[in-house]
Amino acid sequence: MGLFEEVKKNVTVRQAAELYGLKPNRSELIRCIFHKDNTPSMKVDRRYYCFGCGCTGDAVDFTAQLFGLGAREAAVKLADDFGISYISKSRDSPIGKKKDSIKTAEIIRTKKRDDDWIRCVRAYLDYRLMFLDWKKQYAPKNPKEEWNERFVELLRELSYVEYVLDILSFGEKWDRDHLVQEKRKKVEEIERKSDDYVCIKMIWKEALDHQYVEPKDMNQMKSQRSWIQKLLAGSGLALTDFEIMEFRKAGRDA
Ligand SMILES: [Zn+2]
């Protein structure tokens with residue numbers, strides 16, 4: 001696996017922050033490193049998200065900003081500091097060791113196949129978890145209730161996701177490899193989706209921690225709505241009306 005994949009897979013923003021001396025407080029917040037931040041407003045988890053300026057990213061983006069490095073230098077720094085080994089694409093094979101380099105190439109190819117497979121399995125497992133989460137959250141509570149669009153999506157997708165996982169785990173080698181190739185684009189899409197989902201969950205938790213309360217009148221409702229939307233601004237995520245409604249319900253139950 002290449003440098004970026006290895007680093008992003010193995011290092012969370014939280015771990016990087018701690019190693020570089022920025023200790024998160026009890027709410028997992030540190031002072032934002034992207035804007036002048038007097039009270040800690042940057043949440044650090046697998047990714048970071050700043051409630052002040054809305055910036056978000058992973059451990060590589062974080063380290064690049066912290067030390068003023070380019071993305072590649074930041075990834076190399078993280079790999080060194082966390083003792084992560086990776087396959088360097090720029091390494092030249094010495095002349096006269098052709099046999100060795102053929103063998104190395106074969107090993108790298110095999111390793112790459114395994115890594116692609118792992119990445120695919122991981123993405124589909126995440127995808128499945130997200131659906132199971134949705135199932136708890138969005139399943140209709142009584143027969144009369146209208147079905148939520150996410151519930152419909154999960155009904156449609158979940159059994160197919162489980163079928164893919166089945167083949168990836170127990171299928172013949174050829175079928176597995178073939179499926180991994182076929183799902184390459186989809187895996188990227190799932191990774192983006194579950195990253196977004198992690199972000200949304202973080203924002204939800206944050207809103208609940210701030211004792212989000214049921215608005216008393218229209219004005220209060222409007223101001224709370226814009227507050228939630230401010231949290232989401234900059235992260236590239238959009239909250240649907242349904243989610244805002246759910247926010248209120250959750251606030252009431254909390
Ligand atoms: Zn910020």
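Let's start with the crossing of H6 and H7: it is left-handed. This is a predicted model, by the way. H6 covers residues 149-170, and H7 covers residues 173-182. Two numbers describe a packed helix pair: the angle between the axes and the distance between them. Here the angle is about 130°, and the axes are 8 Å apart. That makes H6 oblique to H7.

Who makes the contact? On the H6 side, Val-164, Ile-167 and Leu-168. On the H7 side, Asp-175, Arg-176 and Leu-179. By class, that gives 4 nonpolar residues, 2 charged ones and no polar ones.

Now step back to the whole chain. The protein chain has 254 residues, and 15% of them are buried. There are 10 helices and 4 strands. In sequence order the pattern reads α-α-β-β-β-β-α-α-α-α-α-α-α-α. So much for the elements; now the contacts. Take those with a separation of 6 or more: 57% of them join residues 24 or more positions apart.

Next, helix H3, residues 59-67. Which residues of H3 are buried? Ala-59, Val-60, Phe-62 and Thr-63. They sit on the same side of H3, because they cover an arc of only 160° around the axis. What do these buried residues pack against? Three helices are on the list: H1 (3-10), H2 and H4 (71-81). Strand S3 (48-50) and strand S4 (56-57) are on it too. Just after H3 comes Gly-68, with a positive phi of about 65°.

Let's look at H4 as a partner. First, H3 against H4. The angle is about 105°, and the axes are 8 Å apart. That makes H3 roughly perpendicular to H4. From H3, the residues in contact are Ala-59, Val-60, Thr-63, Ala-64 and Phe-67. From H4, they are Ala-71, Ala-74, Ala-75, Lys-77 and Leu-78. The class count is 8 nonpolar, 1 polar and 1 charged. Ala-59, Val-60 and Thr-63 come back here from the buried set of H3.

Second, H1 against H4. This pair packs at an angle of about 60°, with axes 9 Å apart. That makes H1 oblique to H4. The crossing of H1 and H4 is left-handed. H1 brings Leu-3, Phe-4, Glu-6 and Val-7. H4 brings Ala-75, Val-76, Leu-78 and Ala-79. By class, we get 7 nonpolar residues, 1 charged and no polar.

Is Lys-8 buried or partly exposed? Lys-8 has 19 inside 10 Å, so it counts as partly exposed. Where does Lys-8 reach across the sequence? Leave aside neighbours within four places, and its contacts are Asp-58, Ala-59 and Val-60. Take Ala-59: it is 51 residues away in sequence, yet the C-alpha to C-alpha distance is 6.6 Å. Ala-59 and Val-60 are also among the buried residues of H3.

Compare that with Cys-199. This one lies in helix H8, residues 184-209. Cys-199 has 20 C-beta neighbours inside 10 Å, so it counts as buried.

Last stop, a backbone angle worth a look on screen. Where is Glu-28 found? Glu-28 is in the loop between helix H2 (13-19) and strand S1 (29-30). Its phi is positive, about 60°, although Glu-28 is not a glycine. Glu-28 counts as partly exposed, with 16 C-beta neighbours inside 10 Å.

Show H6 and H7 for the left-handed crossing at about 130°. Show H3 with H4 for the roughly perpendicular pair. Then H1 with H4 for the oblique one. Finish on Glu-28 and its positive phi.

Definitions and conventions: Residues are numbered from 1 along each chain as its sequence is written. This is a predicted model: local features need pLDDT of at least 70, side-chain atom pairs count only at pLDDT 80 or more; totals for chains, interfaces and linings use all residues. Helices (H or I, at least four residues) and strands (E, at least two) are DSSP runs, numbered from the N terminus. A residue is buried if 20 or more other C-beta atoms lie within 10 Å of its own, exposed if 12 or fewer, and partly exposed in between; C-beta atoms are placed from the backbone. Two residues are in contact if their C-beta atoms, placed from the backbone, lie within 7 Å. Axes are lines fitted to C-alpha atoms, for helices over the stretch in contact, and angles run from 0 to 180 degrees between N-to-C directions. Angles under 35 degrees count as roughly parallel, over 145 as roughly antiparallel, 65 to 115 as roughly perpendicular and the rest as oblique. A crossing is left-handed if the near helix is turned anticlockwise from the far one by less than a right angle, and right-handed if clockwise. Ala, Val, Leu, Ile, Met, Phe, Trp, Tyr, Cys and Pro count as nonpolar, Asp, Glu, Lys and Arg as charged, and the others, Gly among them, as polar. The arc is that of the directions from the helix axis to the C-beta atoms.
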